[in-house]
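Morning, everyone. Let's go through the pockets and the ligand in this one. Here is the structure.

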Amino acid sequence: MIGDFAAIPSEEAGALLCIDLEALASNWRLLRDRANGADCAAVVKANAYGIGIEMAVPKLLAAGCRTFYVAHLAEARRVRALTRDAVIYVLNGFLSGTGPVYATHALRPVLGSLEEISEWAGFAAAHPEAPLAAIHIDTGMNRLGLPPETVAEVARALPFAPALILTHLASAEDRADPSNARQLADFTRLREHFPGVPASFCNSAGTFIEPVARFDQIRAGVALYGANPTPGQANPMREVVRLEAKILQLRDVPDGAAVGYNGKWTAPGPRRLATLSIGYADGYLRSASGWDSKTALGTDAGIALVDGVACPFAGSVSMDLIVIDVTDAPAGAAARGKAAVMIGDVLSLDDVAARAGTIPYEILTSLGRRYARIYRNA
Ligand SMILES: *Cc1c(COP(=O)(O)O)cnc(C)c1O
């Protein structure tokens, strides 16, 4: 078992997921350098964005990371099992009655409402061993956190000293969006209600907006795992995730042959097709389906690389299979048992996400349980 994933031998698996842990560590070091002395916390929620908490966290600890963020208490316990000393924050707030779990495992809640703050204050008053807590201030998401107009009063009445205050950017990946500067101005102003309390502002993409609003800590998530925090520019991060699917069968079809469910894709001439052992049950999103053969080449639908040649999806991504058009790929590479690259080389995580009409976060956190997971440089 690796985390909650049973190990599947690569010769049995339909697809291989390679995770380069040295690239993860290298990405953390790059972000730490951008933090320029501020703490570089690693966000490892959702099983470290799909790559595996039990593999990612020890590598990040070895690189020097000492602060981790998760979304759920169950994730926090998994991180705590790997480190006695690291600081662990739970982003999704404080669920009623869970105080003892925070205290037992020395976990810090990120409190985002008056109700959470008052319940935590009651718990902490009765339990001297209670850990410290952070306070989340909402500067524009309307999701979690204290509304700005309540911050002054909450700060005045707060019966404990918070370990940290934080806010979260709504549009960091779009550097030109004016909301970034507005959120920074609001946070800078609201922070004055918490003199001497450390502050945290940037997520991955925020760390690349100049000048960087470092405060005392940055919270890096998706860039650690290789996604581009500077969309539209060259990706400064290293590739962490590589996905290859095995070719099960090849066939030559005549002009007009219908492929897959509902026959929506028809061959625009005689084509050579390869069927891959990967589908939406593996977490490869169905929205990448190539419905229209007339436009499939050069459109935004899914592709796979066979010996470096881009092969468009022919028809729907089905549960366990994807058909690709390998007419232009070399015959030696488009062969039974050979691999097609689904993520990796020139097919970046960001490109795969765009072709599925989504963001790299969803591609990463959808990475499924049926792949043979191969961890390099553990
Ligand atoms: C998920 C999350 C992060 C990390 O964001 P990335 O864009 O993945 O770097 C940081 N802060 C908060 C509050 C989050 O929810």
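I'll start with the second largest pocket: its lining has seven nonpolar, five polar and one charged residues. Ala, Val, Leu, Ile, Met, Phe, Trp, Tyr, Cys and Pro count as nonpolar, Asp, Glu, Lys and Arg as charged, and the others, Gly among them, as polar. That pocket holds about 190 Å³. A pocket is an open set of points on a 1 Å grid over the protein atoms alone, where a 1.4 Å probe fits, with protein on both sides within 12 Å along at least five of seven lines; lining residues have an atom within 4 Å of a point.

A word on the source. This is a predicted model: local features need pLDDT of at least 70, side-chain atom pairs need 80 or more, and totals for chains, interfaces and linings use all residues. Numbering runs from 1 along each chain as its sequence is written, and side-chain values use heavy atoms, without hydrogens or water.

Now the largest pocket. Its volume is about 840 Å³. Of its 38 lining residues, the closest to the centre are Lys45, Tyr49, His168, Asn203 and Tyr361.

What takes this space? The ligand does: more than half of its atoms lie within 2 Å of the pocket's grid points.

Polar contacts next, meaning N or O pairs within 3.5 Å. A ligand oxygen is 2.7 Å from a side-chain N or O atom of Lys45. For the Tyr49 side chain, the distance from a ligand oxygen is 2.6 Å. Val222 uses a polar backbone atom, 2.8 Å from a ligand oxygen.

How values were computed:
Grid points are joined across faces, edges and corners, and a volume is the space filled by probe spheres set on the points. A polar contact is a pair of N or O atoms within 3.5 Å; within protein, one must be able to donate a hydrogen and the other to accept it, and residues adjacent in sequence count only if both atoms are side-chain atoms.
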